[in-house]
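Reader: I am new to this structure and would like to learn how to read it feature by feature. Could you take me through it slowly?

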Amino acid sequence: MIDFELTPEQKEAIAAAHKIAEEMLRPISRYYDEHEDESPKELIDKMWEGRREGGLMAGLDMAAALRTEEMFWGDAGLTLALPSPGLGGAAIFATGTPEQLQRFLGNYNEGGPKWGAMAMTETSCGSDTAAIQATAVLDGNEWVINGEKIFITSGKRAMEDSPGLVVVWATVDKSAGRAGMKSFVVPAGTPGAKVEKKEKKLGIRASDTVTIVFDNCRIPFENILGSPEVRKIDKTGTAGFKKAMATFDATRPFIAAQALGVGRAALDFVREALEKEGVKIRYGLPRNKLTALERDFMEMESNYKAAKLLTLRSFSLMSQMLPNSLEASMAKAKAGLAVTKITQKAVEIMGPLGYSRKLLLEKWMRDGKINDIFEGTGQINMLVVARRILDFSRDQLK
Amino acid sequence: MISFSPTEEQQMIVTMVKQFANDEMRKIYRECDESGEIPSRIIDTAWGLGLVSTSIPEEHGGLGGEHSAITGALIAEELAWGDLSMTMHILCPALVVYPVLEMGTEEQKKKYLPAFCGDKFKTATAALIEPRFGFDPYSLSTTATLKDGSYVLKGEKCYVPLAADADVLLVYAAEKGKSQGFIVEKGIKGLEIGEREKNMGIKALATYEVSLKGCNIPKENRLGGDKGCDFERIMDCSRVALSAMAVGVARAAYEYSRDYAKERVAFGEPIASRQAIAFMLAEMAIEVDASRLVNWEAAWKLDKKETATKEASLAKTYCDDMVLMVTDRAVQILGGHGYIREHPVELWLRNGRGFVTFDGMATV
């Protein structure tokens, strides 16, 4: 039955996350945007203490989507900086064996705060992940990894500040193309894995984004996610590459949910500000009776709704263990674009207040933009959607 | 619990309507658009599917099925995928049936509903739109004044579908500044049906100007009697119905241009192999799906009997913009061929443009 009613548990999850967002994130939001080299230690410790109740292990269900939206409504950068298995965890969930899941994440909740990260992008390849240059060579019972990875979210916290882990993508056979691409779990403290440059970014400044250099970094054979076997390329694509893409099916809906949070922050703010000025949005009027402001606001609002429902649909499929590649990319493309448009329009509508760093609107515009970029730019997601709807291969639609 | 899956019963209805749209409507839609006529055979066949009559209660001669805005939206999308003119014709009686069913007095239900339970299409319609710039359903120029125990209706209406054949018209007029519905029967003095209108699109649907020159109608013909009607809800039901039809028209255009782009070869490969075309199609696919979901949420609120004005009007404006974007791009993707009447996309663009105008011409 088509239904949009939240369950009591989902409502509770939203309320709990909203309370954290409002009481713990918003008050320090601006400070950590302007002090990007400081770490919000108190917040991290508090969130880690409450990890069992707060549900830092996000899960893949609808409640996880709703919680993510609320937290990002509070602050995008700070939420990204919170201890979490992160994208590395998502890759292990999506492609690891039960034994690996137990080994790498089984003790996650023990001890101090921990982070997980994913290392895929390189200086010469971003969206074209099949062009990865990093190598993994089997030497006896160990993989030896070499290469340089950039733009790793929470990479510093995962590898330097905590006993975390990073999932790194490397090729075991360059001649095999995409078939040779595999992912490996590198725990913090492994010799040969070194965090180097910390990026300075447009937004989400509270979250660290780093370069990690792998220099003859040795890990046990069992740390490979999925099969070590290299299959020759066939026209249906290949197992290794498909694993990476399967991870995206799980992570892209989350990026969309993040975008919704930032977009709604801007929408809520503008609505309240307008109401204070005595401007109420008049729904239901004919178009020729609406002011330009009302039209703009309604467009922002319906774009938010459209993105939200596409996102929830992709989560709905995922939680039923149904294929969701098309729907995940649709949601990601739409939500990334929606948050970009909504936050930019919000800055415009609020005029001098929108552009000022006294308020958070300009920050949300900077923060939200990341959702149209990471885990596949809007364009890459459009490409995924286009290939799916056309039933075209990579060669048929480049 | 959040779910995007129609019930089994809804899926059966969708399958049935999809088949009718594909096997019947799609065979003749161009001919109908050119001639301005829809064969009565197809209207009767559609009526036989029971899309409107099913939800009339058993005591009034119907099957007593559930009346649901979501089901209505699913039906409207599938029909409109087939053809918009025929859809609006087939569903036109609902413009009287559903408001009477939801808001009518017991006497009104008893008097008017049984006529719609037969095998043959029974024509009824509603008159809301007025021929003037700045038309606003909430401040109508047509007036209803209570005088000596009956209402006097005065005003001009346009875009009244099937008015010439309608046995019953639901006329909306301002009574003390508030929009109310009044049931007007055919042949009443002062009711004048004008010439058939000529429009840019929906050319197969017969629409008329209607003049009310002091029509006297009994007091008990006010929709909902003393209580009146919930005009806001009537508008919201109309918004959901039209939005669903916009999704149907857009989906038709999207699918056609997608298939064309895969077939049409330029510079040695299908034009869909170029990102300029492929990205247009991807955005069309995303927006068709998004619009449908936004509209479902509004329909769901209506089914919960909650106020849905915000959701329904957001859905309507979103779908109005979407259908124009999608149908225009479909024409663009076909290029010169899109402009020729041998292909359907120009028809869908003309029909798509109308949704901003069609207030109150359909309901769920």
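Reader: Which residues have the most contacts inside the largest nonpolar core?

Author: This is a predicted model, and in it the largest nonpolar core has 215 residues. The residues with the most contacts inside that core are B:L84, B:M86, B:M88, B:L153, B:M245, B:L281 and B:F355. Apart from this core lies another one, of 40 residues, with A:M159, A:V167, A:V210 and A:L225 among them.

Reader: With what is B:L153 in contact, once its neighbours within four places in sequence are left aside?

Author: The partners of B:L153 include B:T143 and B:A144, then B:V171 and B:A173, then B:F182 and B:V184. B:L153 is also in contact with a run of residues that includes B:L212, B:K213, B:G214 and B:C215, and with B:I217.

Reader: How many salt bridges and polar contacts are found between chain B and chain A?

Author: The rule finds seven salt bridges across the interface of chain B and chain A, and there are 23 residue pairs in polar contact, both residues being at pLDDT 80 or more. A salt bridge between side chains joins A:K305 and B:E297, with a distance of 2.9 Å from N to O.

Reader: How many salt bridges does a search of the whole structure find over all chains?

Author: That search finds 71 salt bridges over all chains. One case is the pair B:R350 and B:D33, whose side chains meet at 2.9 Å, N to O. This pair links distant parts of the chain, 317 residues apart, with B:R350 in helix α11 (residues 345-353) of chain B and B:D33 in helix α1 (residues 8-35) of chain B. Both B:R350 and B:D33 are buried.

Reader: Where do B:R251 and B:E77 lie, and are they buried or exposed?

Author: B:R251 forms a salt bridge with B:E77, and the closest N and O atoms are 2.6 Å apart. The two are 174 residues apart and link distant parts of the chain, B:R251 being in helix α7 of chain B and B:E77 in helix α3 of chain B. The cut-off for buried is under 20% relative accessible area, so B:R251, with a relative accessible area of 9%, counts as buried, and B:E77, with 5%, is buried as well.

Reader: What of the salt bridge between B:E102 and B:K305?

Author: The side chains of B:E102 and B:K305 meet at 3.5 Å, N to O. The pair links distant parts of the chain, 203 residues apart, with B:E102 in helix α5 (residues 94-103) of chain B and B:K305 in the loop between α8 and α9 of chain B. B:E102 counts as partly exposed because its relative accessibility is 29%, whereas B:K305, at 56% relative accessibility, counts as exposed.

Reader: Which residues are linked in a network of salt bridges?

Author: The network links A:E69, A:E70, A:R264, A:D268, A:R271, A:E301 and A:K308 with B:K310.

Reader: Where is B:T207 found, and what does its side chain make a polar contact with?

Author: B:T207 is found in strand β7 (residues 207-218) of chain B, and B:T207 is buried, with a relative accessible area of 0%. The side chain of B:T207 makes a polar contact with the side chain of B:N199, at 3.3 Å. Leaving aside neighbours within four places in sequence, B:T207 is in contact with residues including B:Y159, B:V160, B:P161 and B:M361.

Note on methods: Residues are numbered from 1 along each chain as its sequence is written. Chains are lettered from A and ligands numbered from 1 in the order in which they are written. This is a predicted model: local features need pLDDT of at least 70, side-chain atom pairs count only at pLDDT 80 or more; totals for chains, interfaces and linings use all residues. Side-chain values use heavy atoms; hydrogens and water are left out. A nonpolar core is a set of buried Ala, Val, Leu, Ile, Met, Phe, Trp, Tyr and Cys residues joined through side-chain atoms within 4.5 Å. Buried means under 20% relative accessible area, exposed over 50%, partly exposed in between (1.4 Å probe, protein chains only). Contact means heavy atoms within 4.5 Å. A salt bridge is a side-chain nitrogen of Lys or Arg within 4 Å of a carboxyl oxygen of Asp or Glu. A polar contact is a pair of N or O atoms within 3.5 Å; within protein, one must be able to donate a hydrogen and the other to accept it, and residues adjacent in sequence count only if both atoms are side-chain atoms. Helices (H or I, at least four residues) and strands (E, at least two) are DSSP runs, numbered from the N terminus.
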